[in-house]
Amino acid sequence: MAIQDIFFYLFAALTLICAFLVVANPFTRNPVTSAMFLVLSIISMAGLFVLLHAFFLAAVQILVYAGAVMVLFLFVIMLLDLKEEARRHYKTFGVVTGVVSVGALLAIAVRAITTSGLSTGVQPQAEGATNALGKLLFTQYLLPFEIVSVLLLVAMVGVILLSKKDLK
Amino acid sequence: MDWFNHLNPTFQSLIISTIKVVGVFGAVLTMFAYAVLAERKISAWIQGRVGPNRTAPPLALKIPFLGALLQSWGMFQPMADGLKAFLKEDFTPNYVRKAYFWLAPAISMVPAFLVLAVVPFGSKLGNEPMVIANLDVGILYTFGIVSLGVYSIVLAGYASNSKFPFLGGIRATAQMISYEIAMGMSVIPIFLYVGSLNFSDVITWQANNGWLILYSPISFVIFLIAAFAETNRLPFDLPESETELVGGYHTEYSSIKFAMFFMGEYAAMILVSAMMVTLFFGGWTLPGLSTPASTIAAGLLHIGIFVAKLLAFMVLFIWVRWMLPRFRYDQLMDLGWRRFIPLALANILVTAVVLWMKAN
């Protein structure tokens, strides 16, 4: 087994275990612990990106998710009443809907993988190099890219609107 | 060196990398120890005091002249400080959250060391480039890892389970997130000039075209000030302002755990100094000395130049700390969000337009 394979299984296992501990930690119901496991899960996923030679994606994954989004999550969680959160139990409705949607997603993933016929010959379009990725984003995928930007702008405007107490 | 050439390449690179890692690690720890001494000596000098000048191990004073001189410079003080930190009682209050209480100091130095792995600290020694990992997305990686630095502080605040550390942790989070944005945007003009995210390319470009501070002084000013905020140094040390918060996020910590936070702060200072040297001041180059070294002596000289520039920034950090009063929290936020972020955005735009005009 090559060293890449060992790392792949290591990071994949870490991602899955940590992701599981985010939603169903048997030891504690503390939201901060969940958030920290989500951070670990995100970082191990960045490791998987590195193994795919997608260095840019890996760096951005850590920069945006682990470094910014999760810090904000933690920030908000700490301002909440944690004891109240820790006392909450699983509700039947939540568990049922969760299991059903996970099952559906799994079915889609399995079907997609089997019908696409995973071949080893697929070359990634923008491997590693940031330049190539930038060129692709601003030529071939310009429209989706701009639409995503507009989506973010809408979210920002929405936040400002919601946080203003009186609209004048 | 004959046996070395017979090893297979994987082992060779492994051995060389290990040597480099241990070297950088040792250099940073030594630098930390003497940065604390410099901090005490410079503060004493600014305030008209003498500073540490008594500590000496028993035998050192037997050395004629030199022993007494080193004693008066306080050169043995870091040893005594380190020993004290280890030997003091490590007290854990019974109301803290144990797991995070241990985790927070343990991870306080990790980001700084991870980032130093991609900073080129010299040109070459023999055939070996003086950088641990020559990463193509070096700068992005740097900012990614730097942004993880906030976790140790926020977890310390949370783990302490008491009011003042918590407030310190919350302040630190808000401050570091705010200034990370300004810091990240301030270096975008650098990418625009250089056209690469690799630190080695940044240095090569500067060797050919002159230091980037001449091209983009506004970037440097924003980066420098954001660096002060990121490392929680005065005038932006709100997370640990002792007059308001007792001690900030590390109030409940004692002994070596406290020292770990202390080391984390200095490691972060070394890190941002290294980044400023690399991004704006040409790294290991000096005008006239910018071709990669072909001899060992030239290679060592380049490392020396890098370290000298880095130390100059460390002195600046210490100097500013003892010269300026602390900002108010609202002033800090105002400066970050309303001044630096728009300024950084304008800087990016103007740089882009200028480069576009030049290209036409």
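Reading from the N terminus, chain A goes α-α-α-α-α-α-α. That comes to 7 helices and 0 strands. The model is a predicted one, and the predictor scores the complex with an ipTM of 0.79 and a pTM of 0.85. For chain B, the mean pLDDT is 83, with 99% of the residues at 70 or more.

Chain A splits into domain 1 (1-85) and domain 2 (129-168). Between the C-alpha centres of domain 1 of chain A and domain 2 of chain A there is a gap of 24 Å. Of the 168 residues in chain A, 15% are buried. As for how the chain folds back on itself, take the contacts in chain A with a separation of 6 or more: 58% of them join residues 24 or more positions apart.

Next comes the place where the two chains meet. Chain B puts 17 residues into the contact and chain A puts in 16 residues. On the side of chain B that touches chain A, the elements giving two or more residues are α7 (138-146), α8 (150-160) and α9 (163-186) of chain B. The top contributor to that side is α7(B), with 5 residues.

The largest nonpolar core has 111 residues. Among the residues with the most contacts inside this core are Ala59(A) from one chain and, from the other, Leu140(B), Ala226(B), Ile270(B) and Leu271(B). Helix α15 (residues 255-280) of chain B gives the most to this core, supplying 17 residues. Leaving aside residues up to four places away in sequence, Leu271(B) touches Ala112(B), Val115(B) and Leu116(B). As a general point, nonpolar side chains in soluble globular proteins tend to be buried together.

Helix α11 (residues 199-209) of chain B is worth a look of its own. Its buried residues are Phe199(B), Ser200(B), Val202(B), Ile203(B), Gln206(B) and Ala207(B). Looking down the axis of α11(B), these buried residues sit within an arc of 160°, so they line one face of the helix. On the face of α11(B) turned away from the buried side are the exposed residues Asn208(B) and Asn209(B). The cover over the buried residues of α11(B) includes α7, α10 (188-194), α12 (212-215) and α15 of chain B. Just past the end of α11(B), Gly210(B) takes a positive phi of about 100°.

Two other backbone spots in chain B deserve a mention. Most residues other than glycine have a negative phi. Asn161(B), not a glycine, has a positive phi near 60°, and this residue lies in the loop between α8 and α9 of chain B. Asn161(B) has 15 other C-beta atoms within 10 Å, so it is partly exposed. Ser255(B), also not a glycine, has a positive phi of about 55°. Ser255(B) counts as partly exposed because it has 16 C-beta neighbours inside 10 Å.

Technical notes: Residues numbered from 1 in each chain as written. Chains lettered and ligands numbered in written order. Predicted model: local features only at pLDDT ≥ 70, side-chain atom pairs only at ≥ 80, totals over all residues. pLDDT = per-residue confidence, 0-100. Contact = placed C-beta atoms within 7 Å. Helix = DSSP H or I, 4+ residues; strand = E, 2+ residues; numbered from the N terminus. Domains from an automatic or database assignment. Buried ≥ 20, exposed ≤ 12 C-beta atoms within 10 Å, placed from the backbone. Core = buried A, V, L, I, M, F, W, Y, C linked by C-beta atoms within 7 Å. Arc of directions from axis to C-beta.
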